Amino acid sequence: MAHISIRKVAKSFGALEIIRNVNVEVEDGEFVVLVGPSGCGKSTLLRMIAGLETISDGEISIGDRVVNDLPPKDRDIAMVFQSYALYPHKTVAENIGFPLRMAGRSQRESDERIAAAADILGLMPLLDRYPKELSGGQRQRVAMGRAIVRDPQVFLFDEPLSNLDAKLRVTMRVEIKQLHRRLAATIVYVTHDQVEAMTMADKIVVMQDGRVEQIGRPLDLYDMPQNVFVAGFIGSPAMNLLPGRISAGSDGLVFVPDAGGPPLPVPANAGPSGRRVTYGIRPEHISLSEDGFPVEVVVIEPTGSETLILARTEGITLDAVVRDRVQTNMGGSLRFLIDPMRVHLFDGESGLRI
């Protein structure tokens, strides 16, 4: 396997900048996820690593080689696409072994590699079937097997699970993580699903508008988002974000939302009074308590293990996630309590974490 260095990389189509001064280091054997909303540039960056897109500026290295001008076939990478890209007229074994045939490998070596990949992915009983006879998850495993037989330095995944249903996505996430552990592979994985990113990555690269907003371990990004965008993107349901200002209350500093509503508690270092901030609190960090402020329930969604609540108080709405079985209906009343130590504050102008 190999490390990847992305240094000051940019990509433009005419006057339109798609990737802007991106710097990312992927260590040998690391599972790195590029995540962000549609159109943020993550797939373009992956295609630049693969050699499927040219680089307008900067440098990409795989191992000790600068690969800016190398064609894809010479980069020693394997890519798994969203669409599976299987040959419908070839069997599973023939699809997996196609890269070996193109490389001129002997039949004996090809058979051994195909069998090894099929064994890893649980495809041995399916080797004689055709893609039309497979489920979506089985087709994706075949696409992964075709990548494994090449024994590349780097695996690239471009939203490979987006065509699968929710239950199968969970299963395939586990399989890809197990594959990473078994092969000790260097993997760069693109998704727009932040839950996928949180559950799979050793390191997450959060992108927006062609820029890197933050790089870090999943729980570091969750606990310490460096700006409003990352705070709102990482976490499901999304963090509550309210614009307003810090004010001096009778018992110390509080947050006063622009849209109205009760003053909300803040950490001791929130000052000075009058400071413009964006106030963030995750839904799971709002609890129900008689000591809290009153809210009106707009929507309530019991899921069994937890209850999702959308509530309104004066001009603001808040999402909450609680473990309790809540006995109320839409239009009912509850009381929310916020722990000031769970509050995130961001500068009102720059959006950066305070």
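**Ground rules.** I worked on a predicted model, in which local features need pLDDT of at least 70 and side-chain atom pairs count only at pLDDT 80 or more, while totals for chains, interfaces and linings use all residues. I number residues from 1 along each chain as its sequence is written, and side-chain values use heavy atoms, with hydrogens and water left out.

**Entry on α2.** I looked up helix α2 (residues 92-102) and found it mostly covered, with eight of its 11 residues buried; buried means under 20% relative accessible area, exposed over 50% and partly exposed in between, with a 1.4 Å probe and protein chains only. Helices here are DSSP runs of H or I with at least four residues, and strands are runs of E with at least two, numbered from the N terminus. The buried residues of α2 are Val92, Ala93, Asn95, Ile96, Gly97, Phe98, Pro99 and Leu100, and their cover includes α3 (107-121) and α4 (136-148).

**Entry on α2 against α4.** How do α2 and α4 pack? I found an angle of about 35 degrees, with the axes 7 Å apart; axes are lines fitted to C-alpha atoms, for helices over the stretch in contact, and angles run from 0 to 180 degrees between N-to-C directions. On the α2 side the contact is made by Val92, Asn95, Ile96 and Pro99, and on the α4 side by Val142, Gly145 and Arg146, where contact means heavy atoms within 4.5 Å. I recalled that an α-helix has 3.6 residues a turn, so residues three or four places apart point the same way.

**Entry on aromatic pairs.** I found six aromatic pairs in the structure; rings of Phe, Tyr and Trp (its six-membered ring) pair if their centres lie within 6.5 Å, and planes under 30 degrees apart count as stacked, over 60 as edge-to-face and the rest as tilted. The rings of Tyr87 and Phe98 have centres 4.8 Å apart and planes at 50 degrees, so this pair is tilted. Because Tyr87 lies in the loop between β6 (77-80) and α2 while Phe98 lies in helix α2, the pair ties together parts that are 11 residues apart in sequence. Tyr87 is partly exposed at 31% relative accessibility, whereas Phe98, at 19%, counts as buried.

I then turned to Phe255 and Tyr279, whose ring centres are 4.6 Å apart with planes at 20 degrees, so the pair is stacked. Phe255 lies in strand β12 (residues 252-257) and Tyr279 in strand β14 (residues 276-281), so the pair ties together parts that are 24 residues apart in sequence. Phe255 is buried at 0% relative accessibility, and Tyr279 is buried at 0%. Phe31, Phe157 and Tyr189 are linked into a cluster by ring pairs.

His180, in helix α5 (residues 166-183), counts as buried because its relative accessibility is 9%. Leaving aside neighbours within four places in sequence, I found His180 in contact with Gly29, Glu30, Phe31, Ala185, Ile187 and Asp202. What does Thr44 touch, not counting residues up to four places away in sequence? Thr44, which lies in helix α1 (residues 42-50), touches Lys11, Ile18, Ile19 and Glu53.
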